[in-house]
Amino acid sequence: ISMTYAELGLLSDHYASILSQNEVGYGQRVGICTEKSPEMIIGLLAALKCGAAYVPMDAAYPDSRLQYMTEDAAVTVILTQEHLLDQVSAFHQATIPINVQPKQLHRSKQQPRVKTQASSCAYVMYTSGSTGKPKGVSISHDNLLSSTLARISYYQDPPDSFLLMSSHGFDSSIAGIFWTLGTGGSLMLPPHRIEQDMGELSTLIEEHRVTHTLMLHSLYNALLQHGIIKKLNVLNTVIVAGESGTPKTIKYHFEHLPKVKLYNEYGPTEATVWSTVHRFVENDIEKAVPIGKPISNSRVYLLDVNLNLVPAGVIGEIYVCGEGISSGYLNLPELTNLRFIPSPFQEDQGAKMYKTGDLGRYLKDGSIEFIGRADEQIKLRGFRVEPDEINSALMKFQGVKESAVALKYPTKTIKTEEMAGVDELVGLLEGLNPSEAETILKAVELIEQFNFNE
């Protein structure tokens, strides 16, 4: 399906009008439960146009997780695709299907006026929670606008064609969607599971003349290693994010795609997608892989346990302050107060800064190197996973006395020195015996849900 800006505007206006007619507007939240599709874009724009906030809900998520998000965010109505109506209706009755080719569609002479404020919520993004349940991060219009304007300011070349690899349930999608649509580019939504075929992905990039994309480090490494390199020369800018990178990937990039600009971004969901950025150059090959320096709307501090600045080379926890910082977690005031704390620095004038839980250190040039986590949180293919959330669910199974979840790393093959397989979560259960097969199968199914193998 190909859609012009005029058609997208007409369709999103149409569904914004339907939402308004159903008394959905300012202060309410609209679920967007879809696959990666035009309906996804139409739905989120419609929610914003009627004055509401949208809640991205990837249809591939387990129904139990979608139901929890719906209830926790107090979603008024869910916009979805027609073939997903039965699935969505099972956990929420108020649904509206989006048809990209409705029978009657015309532009209203009077566009509806909606009430909203810069500080009001634009979307709620859910991440894994240490309490045993996912937690919703509330992002305001101010946060979203500031993040997008910083992106437009930093990157010299706006995207002519942006390939959106991430789900709308993952915050990196915000970068591609609003950067591209805000600068008049073409947003490319690839087929489901295309990341499993690097040849097909390479062909898609060439055929659609993709200029920009954002990928996990591991996915870009796989594309370089197993894709069709000559087809990737159409690229202008590649952004990697979501997980730690390796010098080997940087080296391979400059050996085969030296004219393609390569950047590394870092930032938590609570800071509206990104807080720091680094553009790679060839002499980065033998160095640590930095996450860079703060973007224009952010201030980043490396602090010790007493909130004192650490000197260069000393590991400290990463704290982020600035215009992209969220107001906090939905329905979790205690956790909000724990993670969003008053800044002790004069230049912030009483603003809140976000305690990321990530560790880093300053390199000689002032850029930051990511070291790891200060807690047990796991980063799996770009997704934040709290082991406590999984353990809490595992402990509810009959017969389980103790449980533990760990990240299993891929093995390195002797011949190629490449990593075979992918990172995955594994669970250890105590108290079960082989006869309790049903419980074991349920536990395996639960852990697989968190492996995000789409």
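Which residues make a nonpolar surface patch of about 260 Å²? The patch is made by Leu-145, Leu-149 and Ile-152. Patches consist of residues with over 30% relative accessible area and no salt bridge, with like charges joined within 9 Å and nonpolar side chains (Val, Leu, Ile, Met, Phe, Trp, Tyr) within 5 Å. A salt bridge is a side-chain nitrogen of Lys or Arg within 4 Å of a carboxyl oxygen of Asp or Glu.

The model is predicted: local features need pLDDT of at least 70 and side-chain atom pairs count only at pLDDT 80 or more, while totals for chains, interfaces and linings use all residues. Residues are numbered from 1 along each chain as its sequence is written, and side-chain values use heavy atoms, leaving out hydrogens and water.

The protein has 12 helices and 25 strands, taken as DSSP runs numbered from the N terminus (helices H or I, at least four residues; strands E, at least two). Ile-152 lies in helix α5, residues 141–154. With a relative accessible area of 35%, Ile-152 is partly exposed; buried means under 20%, exposed over 50%, and partly exposed in between (1.4 Å probe, protein chains only).

Of the 454 residues in the protein, 52% are buried. The protein exposes about 21,500 Å², of which carbon and sulfur atoms supply 51%; accessible areas come from the Shrake-Rupley method with a 1.4 Å probe, and for residues only the protein chains shown count as cover.

Cys-50 is buried at 4% relative accessible area, and Cys-121 is partly exposed at 21%. Zero disulfides (pairs of cysteine sulfur atoms within 2.5 Å) are found in the whole structure.
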